[in-house]
Amino acid sequence: MLLNGQILIIDDEQKLRSLFNRIISLEGYSVAEAHDLLSAKKILQRQQVDVIICDVRLPDGSGVEFVKYIKMQYPAIEMILFTAFVDIADGIQAMKNGAFDYVIKGNDNDKIIPLLGKAIEKVRLQKRLNKLEKEIKMAYGFDNIIGRSPLVMQTISVAKKIAPSDVSVLLLGETGTGKELFARAIHSHSNRTDKPFVAINCSAFSKSLLESELFGHKAGAFTGAIKDKVGLLEEAHGGTLFLDEIGEMNIDLQAKLLRVLEQNEFIKVGDTKSVTIDIRVISATNRNLYQEVQAGTFREDLFYRLNVFSIRLPSLLERKGDIPILAKYFVEVFSKKMNKNIHGMSNSFIEKLQARNWRGNIRELKNIIERAVIMCDEPFLGEEHLSTDFHIPAEDTAFMDNALDLESMERQHIHKILHLTKGNKMEAARLLKIGVATLYRKITAYRITHN
């Protein structure tokens, strides 16, 4: 018979244990017996138990106190206490200690099987949840960060040390270096791992939309706000909020975010009542925020709040030794996704990858490999499977490998205007209808070169 669960009965009355054993075994459960707490502990050490049915009064102790022991040593086990003596105080304390239920012998014997079913279901749900949490931790943990170069290993080591704390973390580095992956790994190794991880790209929204996304709003707060909206700050309660591209946040919103970090509360758009939250903030940027502070585009007080601990992620050029490992991983991922039988890469293919100036970092490498896999119908990737624009110098491609994203399109346009004005930034800013300071900032951020 297929067993539904492992049950342990603890009672000093042999006849009652035998009766319960027969009844419970008929339901398909595997049953073990113990006459006192000491023998029960020995059974727990050598075999798995899902649910314990335990008398309140035993020769060597109290079942009520034993619940506390079980929840500390074996938190996944559920306990049902039963007693011949009604004691309300015992029942209340048993439930406080973590008992699944508290029943009376004789009168409530018919409740045992239904209770067992509910307790077993709770155990199964908890096991599935634990398994899912373990899988999530593996998927987003530090072990999932690919690379063995000294810089990467050092970065992982530092991130592991600060993960258990609750300090704000600022991740620095070029676009495409894996900042969100690191943020998720820090969250999964923190004390908030079983709470939400909520991510938002601050550069993807206008000021008003970002404010509404972060803080939420009340119905009628503005045109189109037909119902209340829960913001991402509230959704992240108890967990981690990841603010990607924090350098793009409007300075007015920066003031509101500062209040959240200082007072752990905020007010929704269109509301008057404050909402209290408990979150850890991890932010990321490819900008030099210190320079932004000096320029007056980023609040100094917010910078120091976010920058309690900063971690710089190395660019792909700084970790070229990891390129073959990363490429191999992406080949396996895309081969499986496209149902192709590609076993590896030729030496010349790898040499071409390592010789490239990876302005787009890991994200660019991922795109290149995906295109190569699409073009390949052979067991190994060769340099002939690299796209045509791969062989064009990076300075001339204007980020062609990522040409469909907004940032790359903006870079291309600025590059063209600078070429048109022969490097005259005042004229280029006029044509672009932006300030000269903004143009200089974008030239630096996008690393635009021009003649």
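**A close look at one loop**

Guide: Start with glutamate 245, which lies in the loop between β12 (240-244) and α10 (251-263); helices (H or I, at least four residues) and strands (E, at least two) are DSSP runs, numbered from the N terminus. Before going further, this is a predicted model, where local features need pLDDT of at least 70 and side-chain atom pairs count only at pLDDT 80 or more, while totals for chains, interfaces and linings use all residues. Residues are numbered from 1 along each chain as its sequence is written, and side-chain values use heavy atoms, with hydrogens and water left out.

Glutamate 245 isn't a glycine, yet its phi is positive, about 55°. At 9% relative accessibility it counts as buried, a word that here means under 20% relative accessible area, with exposed being over 50% and partly exposed in between (1.4 Å probe, protein chains only).

Asparagine 361 sits in helix α15 (residues 361-375), and with 0% relative accessibility it counts as buried.

Now for some charge pairing. A salt bridge here is a side-chain nitrogen of Lys or Arg within 4 Å of a carboxyl oxygen of Asp or Glu, and by that rule there are 26 of them. Take glutamate 211 and lysine 207, whose side chains meet in one at 4.0 Å, N to O. The two are four residues apart in helix α8 (residues 207-215), so about one helical turn separates them. Glutamate 211 is buried at 16% relative accessibility, whereas lysine 207 is partly exposed at 35%. Elsewhere, bridges with shared partners link Glu248, Arg287, Glu292 and Arg441 into one network.

Lysine 68 and glutamate 65 make another bridge, their closest N and O atoms being 3.8 Å apart. Both belong to helix α3 (residues 63-73), three residues apart, which means about one helical turn between them. Lysine 68 is partly exposed at 37%, and glutamate 65 is partly exposed at 43%.

Glu351, Glu378, Glu383 and Glu384 gather in a patch of negative charge on the surface. A patch takes residues with over 30% relative accessible area and no salt bridge, joining like charges within 9 Å and nonpolar side chains (Val, Leu, Ile, Met, Phe, Trp, Tyr) within 5 Å. Lys and Arg count as positive and Asp and Glu as negative, with His and the chain ends left out; each charge is placed at NZ of Lys, CZ of Arg, CG of Asp or CD of Glu. Areas come from the Shrake-Rupley method with a 1.4 Å probe, and for residues only the protein chains shown count as cover. Glutamate 384 is in the loop between β18 (380-381) and α16 (394-397), and it's exposed, at 55%.

The buried residues of α14 are Phe349, Ile350 and Leu353. These cover an arc of only 95° around the axis, so they share a side of the helix; the arc is that of the directions from the helix axis to the C-beta atoms.
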